[in-house]
Amino acid sequence: MKNTYIKKILSVLLILSLSVFIFGVTTAMADGEKASEPFLAYGIDVSSWQGKIDWSKVKNDGKTFAIVRAGTTRGKDTYFEENYKNAKSNEIQLGCYFYTYATTVEEAEKDAYLLLSWLEGKQFEYPVFYDMENEVQLASGMTTQLRTEMCLAFIRVLEENGWYAGTYANANWYNNYLDEEALGQAGELWLASWMNSGEPTRDYRGQYGLWQYTDKGKVSGISGNVDLDVSYIDYFSLMRTGGFNGYSASVEYVDEEWIITSDNGVNIRNGPGVVYKRTDYIPYGTRIHVTAKVSDSSYTWGRIEVNGNVCWCVLNYAVKTESSIIIKNEKLVADEHNRIIGLKNGEKITTEMFDVDGFANVEIVGTDNGYGTGTKVNLVLGNTVIDTYYVVIDGDINGDLYIDAYDLTYSTALTNFELTYDETSPEFMASDLNKDGVCDVFDCEILSTLMLCDDTNISQPEIKE
């Protein structure tokens with residue numbers, strides 16, 4: 001289903017275990033771009049036409065949700081309050097719809113405010129729908145654009161007041177009298193498309209979350225025929241965790257680092273739920289920055305950013321990490337550029353010199369010449385390097401642990417500007433022996449002196465906090 005930007009950021013569409021909700025093997029397509037979608041739940045929609053309903057029998061008949069008519073432009077449905085109370089007491093999840101006689105955008109907005117007055121103090125687990133199918137909306141002068149703008153105005157007023165809204169119509173109206181794409185972008189779609197067999201088969205290629213597939217259903221506790229519906233979306237989780245329809249939001253804003261631990265990686269979606277479109281995946285070991293989390297009984301979703309786009313992934317198959325390297329040897333220091341200083345030439349670098357605060361491990365990666373200046377001390381979780389430190393041994397420019405003629409050659413090359421390093425590199429720091437920020441003849445003189453004496457320990461510079 002398509003949703004507004006606000007919904008994509010703040011809401012959750014989380015499908016619970018399908019086996020809990022599927023009452024048969026029948027499947028049908030819920031999105032023209034997908035091969036097939038199973039039904040999550042079976043329900044009904046009712047109004048005063050059904051009269052008094054025994055909701056306990058409806059519940060026992062396997063109907064887990066109901067869309068009740070709240071009323072029309074002309075007034076509240078006479079059974080709305082009773083249906084709401086008794087359905088709730090039997091733990092049936094509810095949504096509602098408003099039947100309109102409006103012919104202008106202003107009248108559609110009045111419909112919305114009228115409905116808001118009836119919804120005060122109530123909670124709904126399914127969306128609030130605007131039912132446009134009256135002949136007055138087909139009169140001369142009524143265009144597809146106008147009818148669509150009326151629906152959008154109704155949805156906008158409801159959403160501005162915390163209600164998750166959408167549009168109800170039959171396939172003919174969606175195909176010929178409404179802009180289905182625009183309405184699907186703004187809110188939820190509830191499709192009426194009746195099948196002679198009574199089975200919910202497919203004759204409509206648009207997108208929708210609810211399907212009213214017959215008006216000739218038979219349900220215990222209801223006299224006569226009743227409309228039957230199927231739902232493809234766990235709307236209850238959306239309302240509860242997104243803070244819609246009388247529920248409080250449960251979005252937690254964070255600033256956290258996580259590592260994907262699933263061998264197969266996890267999917268990236270354009271919203272926090274499995275019914276949102278899958279756009280890519282994150283492989284095992286990837287480090288992600290999470291800025292918000294939403295949870296329910298099954299999953300926790302993390303909001304991340306990929307190529308400048310806000311998207312979501314499951315955090316159940318990841319671990320939060322605040323891992324850092326702890327240097328055990330007191331004479332070793334890590335500076336602001338993650339350079340490890342304090343080692344003498346010839347002093348072996350081992351993993352025993354380091355510890356980890358967190359889930360990761362230490363990995364030492366030597367240079368082309370050995371394990372001296374330029375050696376990487378990686379903080380690794382899975383296949384991901386979380387952070388990297390670089391060893392610096394003053395005078396050991398080529399990274400072989402020793403101060404010798406090879407280093408003097410490197411130093412001379414630097415002095416003659418034949419070889420340059422980034423000034424934050426460990427090699428530059430190792431060659432700048434007098435720590436004046438420049439590799440010059442003074443450093444070459446110091447290096448030559450070191451090569452002539454046994455004491456090759458260079459005092460390390462003071463680290464500024």
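In which sense do strands β3 and β4 pair, and over how many bridges? In this predicted model, strand β3 (residues 41–46) and β4 pair in the parallel sense over 4 bridges. Within this pairing, Val46 has Val68 in β4 as its bridge partner.

**Strand β4 and its partners**

With strand β5 (residues 75–76), by contrast, β4 pairs in the antiparallel sense over 2 bridges. Gly71 stands opposite Lys76 in β5, and β4 and β5 form a hairpin with 2 residues between them.

**An open sheet**

Elsewhere, 5 strands form an open sheet in the order β20-β21-β25-β24-β23, with mixed pairing. Its edge strands are β20 (333–334) and β23 (361–365), each of which pairs on one side only. Strand β20 runs antiparallel to strand β21 (residues 339–341), joined by 2 bridges, and Ala334 has Ile340 in β21 as its bridge partner.

**Aromatic rings**

The structure holds 17 aromatic pairs. One of them joins Phe65 and Tyr126: the ring centres are 4.6 Å apart and the planes stand at 15 degrees, so the pair is stacked. This pair links distant parts of the chain, with Phe65 in strand β4 and Tyr126 in the loop between α5 (105–119) and β7 (128–131), 61 residues apart. Another pair is formed by Tyr164 and Phe244, with centres 5.1 Å apart and planes at 65 degrees, so it is edge-to-face. Tyr164 lies in the loop between α6 (144–160) and β8 (165–170) and Phe244 in the loop between α9 (235–242) and β12 (252–260), so this pair ties together parts that are 80 residues apart in sequence.

| Residue | Relative accessible area | State |
|---|---|---|
| Phe65 | 0% | buried |
| Tyr126 | 3% | buried |
| Tyr164 | 0% | buried |
| Phe244 | 12% | buried |

One aromatic cluster is formed by Tyr97, Phe129, Tyr168 and Trp190. Charged side chains also meet rings: the charged end of Arg74 sits over the ring of Tyr101, 3.6 Å from its centre, and Lys122 lies over the face of Tyr84, at 5.3 Å from the ring centre.

**Cysteines**

A search of the whole structure finds 0 disulfides. Cys96 is buried, with a relative accessible area of 0%, and Cys151 counts as buried at 0% relative accessibility.

Key
Residues numbered from 1 in each chain as written. Predicted model: local features only at pLDDT ≥ 70, side-chain atom pairs only at ≥ 80, totals over all residues. Heavy atoms only, no water. Disulfide = S-S within 2.5 Å. Buried < 20%, exposed > 50% of the residue type's maximum accessible area, 1.4 Å probe, protein only. Pairing = 2+ DSSP bridges. Phe/Tyr/Trp six-rings, centres within 6.5 Å; stacked < 30°, edge-to-face > 60°. Lys NZ or Arg CZ within 6 Å of the ring centre and 35° of its normal.
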